[in-house]
Amino acid sequence: MRSSIRGAGAAAAATALVVVVSGSWFGYQQLAGPSCSGEIQLSVAVAPELEPAVRSAADGWQQSGAAVSGTCIKVNVAASESVDVAAAVASKHGATLAGVGQASGTAITPDVWVPDSSTWLLRLKNGGATAFAPANGASIARSPVVVAMPEPVASRFGWPDKKLTWTDLLRSVTSDKPVRAGIVEPTQDAAGLSGLLSLTAAAGGAGGDTQKATTGALRALAIGRSSLRKDLLARFPRANDATAIANGLGAAALSEKDVMAYNATKPPIPLAALYLEPSPMPLDYPYAVLPGIEPAKASAARVLYELLTTQGFKNRLAAQSLRAPDGNWGDGFKALPGAPSPAGGQATVPPAGVGAAGGLDPVAIDRAVSGWSIATQSGRMLCVIDVSGSMKAPVPSANNATREQVTVAAASRGLNLFDDSWSIGLWTFSTNLRGSQDWVQLVPINPLSTNRSRLEQGLSGIRPSQGNTGLYDTMLAAYETVQENWEPGRVNSVVLFTDGKNDDKDGLSQAELIRRLKQLADPERPVQVVIIGIGNEVSKAELKSITDVTGGAPFVTEDPTKIGDIFLKAIALRPNAPR
């Protein structure tokens, strides 16, 4: 679905809305007065389930004479999927969002964006949109994230009387006779991401082998994943018999609003909403005024925000089965059985003017998104690790383990996330490792079903050499190797770790490498290159000059202990077709 900005609202009437400063935001006061002059068009992209309430409030404003400082305001409200707007904003600001894909050629960024979750704002910032600093960001609505289950299944768990935890759900989806769990692709759906974060947190706190438990949970969810919410909902049982219930979807993280909307269709088997503990991140609908809009539009946006904080708007939310930002609800809201009242047991509401993203953990979100991408997708990868002499340098923050040891440990942990459908090979490089050749193949690229133990042995035997950094010759050879046996339907990639600039005086120059890569690059057989730079001797500009040609990205950290998270984030960087 593509983001679009549709025209909406009537022409302004002959009354003016005078804006006055009130604290850091704007109050408003209607006064009789002459007709306004000129017109400001304010584009507002809103999550589809919230759009009717926002449109109704905006229309009411316009019918009563929407104006700021004597200028008429026309508010164009569009129902826009959050992932589509996020893709457009990412494209504009040079950010990379794992699993989101590219923006469509017609997608535009609005003046005001109300996505379903503050996680979108945080992911954009984390993804490289350093100049992305929207104003306001305060929540204007809320919908708790719940685990939806067919009522007969939920009854077996003790619903609605028994209070359940995410650990209970984790046990049920990873047992020998698991509940059939599903999820909307969490890289593209905020409720799916919230459920994923809660389930992986439960796996991490379960004791024992946390990585194994987390990977098991990811793969259990992956079996039942859907790209679209409506497709996931269609997989719940549609007949009230034991076979249909056994074969249908048994559990999925959705919003409270989703469950209410589903049950409103009078399905044969209604869904129960389980409000598990600890409470997951709710959908919080932040009101984000995007950077770069002209002052008059910014003033109009502030007034519109004031309109969306009134008791009247709270009642409009209730009509759409949504709560107010504090978790309370307006007139006509019908709480689901088992719902804690009034705030739904959700996380503490941030102060006015502070978006919920202020309480989110960006590292946890990155790990969840990256781990999901690796555990649920298949690829073909050549891992290339620097063994030059500088990799012997100790890392004080890692108990003086060497850069080499820290890098190998990160690669080994990452290997455990890949399932057997992946094909992975392993090289090391320095200078003159084999005669005048700068690289050595330790393990050829083959499926992990037959290659895993060889890779583990290869990684365990890696030691630094006495050589320098033969980056350019190695990169060209690695690119050619992956391209030579390129496989359709998979991401074919080179992932290279290095702690220095190219210093092979007998090898290719930077200009020669770029020229050769441009000659080899084939849009029909793309090879994505990810380079992970370690330490303070790496030139990000040098690495970027390579990935600009090949596709992919450079990731640089001065702290080698961070490369584990960077490795996962880098692997999750998947090229996608435009939305």
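Analyst: Strands of a sheet pair through backbone hydrogen bonds, either parallel or antiparallel. Here β14 (residues 379-386) and β19 (residues 491-498) run parallel and are joined by seven bridges; L382 has V494 as its bridge partner in β19. Two strands count as paired if DSSP finds at least two bridges between them; strands (E, at least two residues) and helices (H or I, at least four) are DSSP runs numbered from the N terminus. This is a predicted model, where local features need pLDDT of at least 70, side-chain atom pairs count only at pLDDT 80 or more, and totals for chains, interfaces and linings use all residues. Residues are numbered from 1 along each chain as its sequence is written, and side-chain values use heavy atoms, with hydrogens and water left out.

User: In what order do the six strands of the open sheet come?

Analyst: The order is β18-β17-β14-β19-β20-β21, with mixed pairing. β18 (437-447) and β21 (552-557) are at the edges with a single partner strand each, so one side of each has no neighbour in the sheet.

User: Which strands does helix α14 lie across?

Analyst: Helix α14 (residues 403-415) lies across β14, β17 (423-434), β19 and β20 (528-534), at about 165° to β14. Angles run from 0 to 180 degrees between N-to-C directions, with axes fitted to C-alpha atoms, for helices over the stretch in contact; contact means heavy atoms within 4.5 Å.

User: Do β8 and β11 pair in the parallel or the antiparallel sense?

Analyst: Strands β8 (residues 145-150) and β11 (residues 251-255) pair in the antiparallel sense, over four bridges. In β11, L254 is the bridge partner of V146.
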